[in-house]
Amino acid sequence: MIIFRLALKNVLKNANRSLLAILGMAIAAAIMTGSISMRTGYVNPAFLDYRRFMQADVVIYPKKLHVDPGAVRQRATEEWETVKYQPTFGSDLLSLEPRLADEGFLAPPGGDPDIDLAALRQALAGRANIAGVHPLFTIPAMLSAQGEGDAVPRFYRVPVRGEDVLAAKSWGGGPPIAGGRALVPVDEGSPHQSPQRFALVDARSKAHPQIPVGSQMKLFFPAVRREVAGRPVYDWSDLRAFTFTVVGHYQIPTGSSPLRTEEGLPVVDGQEGRSVIVPTYWDVPDILVPSQALAGVYRELGGTAQTRADQVGISLNSMYLAKQTAAELQQAFPNFGVYTVPNLVRLAGEGVRAIQTDSGDIRYERGRDQQMVLPADLSRTFIVLSFAIAGLLVATNMFILTAQRRQEIGILRAIGASSREVFTLILSEVIGLAVIGSLAGFLLIQLGVTFLLFFSKVSLAEAGLSTLAATAEVVGLSVLVAVLFGLLPAWEAARSTTAEVLRHE
Amino acid sequence: MSDRLATGRPAARGHGESYGYLKGKRVSEGYQPGDPILRGINLTKKFLVGDGVVAVREVTLDVMPGEFILVIGPSGCGKSTLLSLLGGLDRPTGGEVILEGRKYSRLDENGLARLRRTSVGFVFQFFNLLGDLTAAENVALPMRLIGLTDEEIHRRTEDLLGAVGMLERANHSPYELSGGEQQRVAAARALANQPKVVLADEPTGNLDRKNGLEVIKLFKRFNAERRQTFVVVTHDRTFAEFADRVVHMEDGRVIKVEGGAA
Amino acid sequence: MVGPGSNLRANWERLRVVRPLALRSLRTRWTGNGLIALAVALSVTVFILFSAYFAATQQAVARRVKPLDLPGDLVVRSTAPLGGGVLTALARQADVRTVRPAVSARLLTTFGETDVLGLDPALLASNQVTLTAGRAPAAAGEIMLPAETAARAGLKPGDVVGLSRVADGQVTGAQAVVVGLGQSRFGYFAGQALMAADGLMTAFALEPNVAVVQADEADNVFKVQRFVENLTGSGAATAGLRVVTARSPETMARSLVGGVFSSGRLAVLLAYIFATLGVLNVILLSFLQRKRPLGVLKALGFDNDDLQAYLLLEGTLMAVIGLLAGMIASGVLIRAFNRYTASSFLASAGSVVTAAVLSLALLYVASWLPITLTRRASVNALLQNRRVYLDSTSACAQCGRCGGF
């Protein structure tokens, strides 16, 4: 026991050196925690807004989008073509990544252009970690709006998107509101009386003039010419007008960016000379209406019921396993593109630049695409790597700690401590430092993750359980590393004889 | 090479005879044969520990060529500090050290290193042989530094080890030698480059009486046979009989000088 | 005495003196030195493995991608009208045989929203269009639909379809007769309806935004591609100008792999930073354990550069051993991976050289602190195993918060 007390005292006495060791361990633990949290992906708080907008943790898009470079040799005959993501797919992926339609993307053969809901529901039944399935339907429309200085109204092609307001209650509402109010269940209206229709428009979209909250908005929908296997063919020569009341403006933040001019020069604050940083937003052209109301519109257009969804959101029981579940889903549905919402956040948020136009407005430009997934063997390599190198840091740090205390160890030996006790002393110090360091690094990252888990309406037990699991994983790993790499310095210290240590001075 | 050796002044490796400049001034000035070879003038050394400890207070000491000086005093009186100031191992807080007209204060770190390489030999209480090297290699190391040829190094090493009676143990590691043997090798190493002056800091402090006496006698022999200048620090008064002059120190000051003209 | 030549000679002399010392301490201090070699070997292995994996994946993916089927050798397209400048510049380019303006537009039709490609009738009549019914459009007001689209919309040759276009809030409309069904072989434009370019442009007041370019020789395609890319930079062309060739998917694949592996690069960098910290620790330790011998060397007349050469030589020898070990380890691993797993690795001389340079850089960065401490420490401090401070001014030593080394 005295040995452990001595170990603790030493840790405190050599605070500076101990701090160095702790820091090394903390960095290692933070990296480990980071890579584990990467699995959940909740590193960007912006994801919560997306989650509410998408009404999902994992989103399934039509068409196979992911190319796994790691699987190149496994499917030796597969040939990848360049295809363009067509607007008929109806999903919101194009507003996240317009280049998919513009330049096309690499697609493995196959890939369904839409999602058969019944088949999907059947395939999902009995799968672990699936809490709900939220199909998304959109109907293309023409918005008639009168901008400033327009003599007559102009027409803008917009997607009208159904928002599941009834389900949204348990999700903490729809997208964040910039003005007015959110959609509420009562906005669905009653199918029996001529319904008054309500909608949300994006506060930031440059796709059409801004429509003030409270005003009426006229939308022209194409009639359904025919339905083929539950999929409509729209006739744009036959437009039907519907009037909606705009009840609010929504906006989806993606982060922040230094403001630049069209020429790419930074915009500088005149007085302080600092470059201006502005929040960035996702420029979504979608008009949101309650999903039941949209289904009503579809029927009035001559359709029956859509059995094929433009995209499907999946809500999960445990978000801690989101990435893993998404990978499983991708494997189960190789013909679709499966994304976790955090992954989408990165897709939408990465490289969004704010540009000040000549008229003083702020326009948002989008970044690059991420069509390929990190091969599994590569990510495994990273974990092994951080493991080995963290261990190396611990070992070298401990060598220094023991080297600076040779005299003390010599005295210990001189007063009768056995080499085994010295060994235990050093090893318990190593483990103590490793636990402190890894806990510090772990807590730093995990607190943030837990915070997000808490706010994402995951049950507290679930959050606590996953945190516990992560704690065990990280701290266990670091202790293992510490013991493994602490053996060498401990052995060195235990080996030294009294005479050798005390001879000098 | 050989004519230089005959003068007893080995060529400094790659640097000729220059010891370096500081602030653009020539460091060696006005040394005449017959002047004291090593002069410590008003040397003071303060250590910044706690309120500050003054280890050496305004000590002045002239060492004549071929002299054997013993510095005696109780432990902690500053005699070792004085020695490291004289050898250029440490810089004084005040005062000046002059070796053959070269002022230490005008030498930069590398200049001091070169000076130690050629003109000062050290013997320490804890022998300080390099554990990685054999006895012969320890002796040869200073000679390698000044770029002597291998044959020359070999010849001189044998000569020196023979002189200290360690020839048959030349290829042993220091760990295989007794304390007295180690100190004799250390003495041979100190004499390797025929320095102007050998400074010995408690050379007998870690040896028994018999071995200690042998080391001092060895020093005396070198002093007598090779006209080698020695400054030896010790707390053992019994060695006074070997010295030309005995300097007594206490509390960082020279309190008494016995023997000699000074 | 002065000049690079004498410096070189002085350094050579220095090495001659410190070499036996360095070699000897490699033997006596094998744990610490082994750790240096291990850290270097680890980072070298990581670097070479990663580079080999990256190179192999990029190659394999690029090989996997199907080349594009295009109506010409190159297709130049833009999000905005091309403008006469680009077309004339292209026509004047020496290696270009023909330039045919074309137009691509998104239209709202009676059978849904679709992209329509307007091509030169000469191209439409060529063997690049596979018809399943009817004929290729030849005049204005004629349209050919992809068979699948027609089947979904219930259209057949002879039907009249309505087309409209929304731009700047204005809607323009027109009508066209379905004259044929089939597939164009223009991969990149697959799924688009086809019309005659002139007719499409007149109906919707469009300017060409696509140019189908034929080079005089297959070897010159790349030259023409470079020419167009330079046009983009010169400002003669509108922004958003893009060149598509049969090899474009390959380029895209390569850049996609690069994007995926960027996180891997970060990991490799991290590995090097950590390894540097580890090596720093080891060298620092070797300094702490050897203060006394270093002090002796200083007392014997080793100057700071000699000591630096000594410490660096010792480290470099270990780094070289680590480098060799890393190379061998990565070689063995690459062979094993290629043989026993589905992964493929492609080692290159370049990555080996880079790994070597990086590991030496690692060593020199890590050596800075211990070498500086050795240089700044007084002989006495070293000899008496006292704490050494990076800055030996009284203020630094007095504060002692860092505890010294």
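A: A residue is called buried when its relative accessible area is under 20%, exposed when it is over 50%, and partly exposed in between, with a 1.4 Å probe and protein chains only. By that rule C:T276 counts as buried because its relative accessibility is 15%. The model is a predicted one, in which local features need pLDDT of at least 70 and side-chain atom pairs count only at pLDDT 80 or more, whereas totals for chains, interfaces and linings use all residues. Residues are numbered from 1 along each chain as its sequence is written, chains are lettered from A and ligands numbered from 1 in the order in which they are written, and side-chain values use heavy atoms, with hydrogens and water left out.

Q: In which helix does C:T276 lie, and what does it touch?

A: Helices (H or I, at least four residues) and strands (E, at least two) are DSSP runs, numbered from the N terminus, and C:T276 belongs to helix α9 (residues 262-289) of chain C. Contact means heavy atoms within 4.5 Å; once residues up to four places away in sequence are left out, C:T276 touches C:L362, C:V365 and C:A366. A polar contact is a pair of N or O atoms within 3.5 Å, where within protein one must be able to donate a hydrogen and the other to accept it, and residues adjacent in sequence count only if both atoms are side-chain atoms. For C:T276, a polar atom of the side chain lies 2.6 Å from the backbone oxygen of C:Y272.

Q: Is C:R376 buried, partly exposed or exposed, and which residues does it touch?

A: C:R376 is partly exposed, since its relative accessible area is 46%, and it is found in helix α12 (residues 349-376) of chain C. Leaving out residues up to four places away in sequence, C:R376 touches C:Y389 and C:L390. Sequence separation and distance in space should be read side by side: C:R376 and C:N304 are 72 residues apart in sequence, with their C-alpha atoms 8.7 Å apart.

Q: How many helices and strands does chain C have, and what percentage of its residues is buried?

A: Chain C has 14 helices and 10 strands, and buried residues make up 54% of its 405 residues. Of the contacts in chain C with a separation of 6 or more, 79% are between residues 24 or more positions apart. Chain A comes to 15 helices and 20 strands, with 53% of its 505 residues counted as buried.

Q: How is the interface of chain B and chain C described, and how many salt bridges does it hold?

A: The size of an interface is often given as the accessible area lost when the parts come together. This buried area, taken with a 1.4 Å probe and summed over both parts, is about 2,600 Å² for chain B and chain C, 54% of it on carbon and sulfur atoms. The contacts join 32 residues of chain B with 30 residues of chain C. A salt bridge is a side-chain nitrogen of Lys or Arg within 4 Å of a carboxyl oxygen of Asp or Glu, and the rule finds 4 across this interface. In the one between C:D303 and B:R117, the closest N and O atoms are 3.5 Å apart. On the side of chain B that touches chain C, the elements giving two or more residues are α3 (109-119) and α4 (135-145) of chain B, and α3(B) gives the most, with 6 residues.

Q: What is the phi of A:A229, and where is this residue?

A: Most residues other than glycine have a negative phi, and most peptide bonds are trans. A:A229, a residue other than glycine, has a positive phi near 50°, and its place is in the loop between β10 (216-228) and β11 (231-250) of chain A. A:A229 is exposed, with a relative accessible area of 52%. B:N42 likewise has a positive phi, of about 50°, although it is not a glycine; B:N42 is found in strand β1 (residues 38-47) of chain B, and at 42% relative accessibility it counts as partly exposed.

Terms used
Buried area is the accessible area (1.4 Å probe) that two parts lose on being put together, summed over both.
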